[in-house]
Amino acid sequence: MRAALALDIGGTKLAAGVVDDTGRVHSFVVAPRRAGGPERGLGRLCALGGGAVYGSGGAWSEIRAVGIGCGGPLDSSRGVLLSPPHLPGWRDVPVTELAQDAYDRPAVLENDATAAAAGEYRYGAGVGTNTMVYLTISTGVGGGVVIDGRLYRGTMGNGGELGHVTVDWHGRRCKGCGRLGCLEAYVSGTSIAERAREAGLDLATAEDVARAARAGEPGARAVWEETVEALACGLTSIVNLFEPELVVVGGGVSRSGEQLLGPVRESVRTSSMAPAAKGVDIVASAFGERVGVVGAAAIVYDREALKEAHG
Ligand SMILES: [Zn+2]
């Protein structure tokens, strides 16, 4: 077996898994990320990684490399987390160096949504496409893009921040970047819950809002419709920009399924410019909550393929 140890550093949880080069997940473990600095957090992550290898039933000798996915900003070529807003106190953390020392194997770092795009492209919903977009809608909103069969990274690995596409330049304040009217400020799970609260609804989470909207509660329906409109608006710009064959939507909010994707697909196809609009499909992630580890492993194989191609 050719396998990678995949680590995913999220704002609220840590995940680890062993994933082989066909995208098969041999083990998957999750733990809540407790508040605190990088030392304790990475210590727990390393232990979780050890648990994933043990749980896979395989041996350490089968693990060739370690892939790490984390929200930006980061420097993927140096393997350093710069100052991710979802990890307060983590500044300039040389995470790949620390992982290399801990596991005695090469390690690579990528923006988590970019990595997830690679995972969907290689092994999931995006197999067979040439140009595709991945959008994750969770506590924040992130994105990744594959253009002409290659993962797009940008200069330092922070390209494809699709959550910060503007949908209303006088709009709500974005918690992620501080500007007004970002897509994230409307469709993130945090924003959906916040807008429900502002509307006086007694609904704590985006999932609660989705459920109440399905049940026909008028206030929840209004919040949900605004979410659909904002997502369709942002995705229409994204589709016009890249003319992808496919948009894959992942993250907790995407688990509302067709309640979200159905009307968004219809609206994006109507609003995008031809012929981009005609060809595009919008589907849910093939991996659900495991997309982070599949993505982190995919970047290991992606970098290997790049090296083989360019020597
Ligand atoms: Zn923003």
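The model is predicted: local features need pLDDT of at least 70, side-chain atom pairs count only at pLDDT 80 or more, and totals for chains, interfaces and linings use all residues. Residues are numbered from 1 along each chain as its sequence is written, and side-chain values use heavy atoms, with hydrogens and water left out.

- Strands (E, at least two residues) and helices (H or I, at least four) are DSSP runs, numbered from the N terminus.
- Two strands pair if DSSP finds at least two bridges between them.
- Strand S1 (residues 3-9) runs antiparallel to S2 and is joined to S2 by seven bridges; Ala3 stands opposite Asp20 in S2.
- Three residues lie between S1 and S2 in their hairpin.
- S2 also pairs with strand S3 (residues 25-32) in the antiparallel sense, over seven bridges, and Ala16 has Val29 in S3 as its bridge partner.
- The hairpin of S2 and S3 has four residues between the strands, and Gly23 takes a positive phi near 90° there.
- Strand S2 (residues 13-20) is largely enclosed by the rest of the structure, because seven of its eight residues are buried (under 20% relative accessible area, 1.4 Å probe, protein chains only).

**The second largest pocket**

- A pocket is an open set of points on a 1 Å grid over the protein atoms alone, with protein on both sides within 12 Å along at least five of seven lines; lining residues have an atom within 4 Å of a point.
- The second largest pocket holds about 180 Å³ of space.
- Helix H10 (291-310), strand S4 (63-70) and strand S7 (107-111) each supply at least two lining residues, and H10 gives the most, with four.
- Among the lining residues are Arg64, Pro106 and Glu304.

Note on methods. Buried < 20%, exposed > 50% of the residue type's maximum accessible area, 1.4 Å probe, protein only. 1 Å grid on protein atoms, 1.4 Å probe; cavity = no way out; pocket = protein on both sides within 12 Å on 5 of 7 lines; lining within 4 Å. Points joined across faces, edges and corners; volume = space filled by probe spheres on them.
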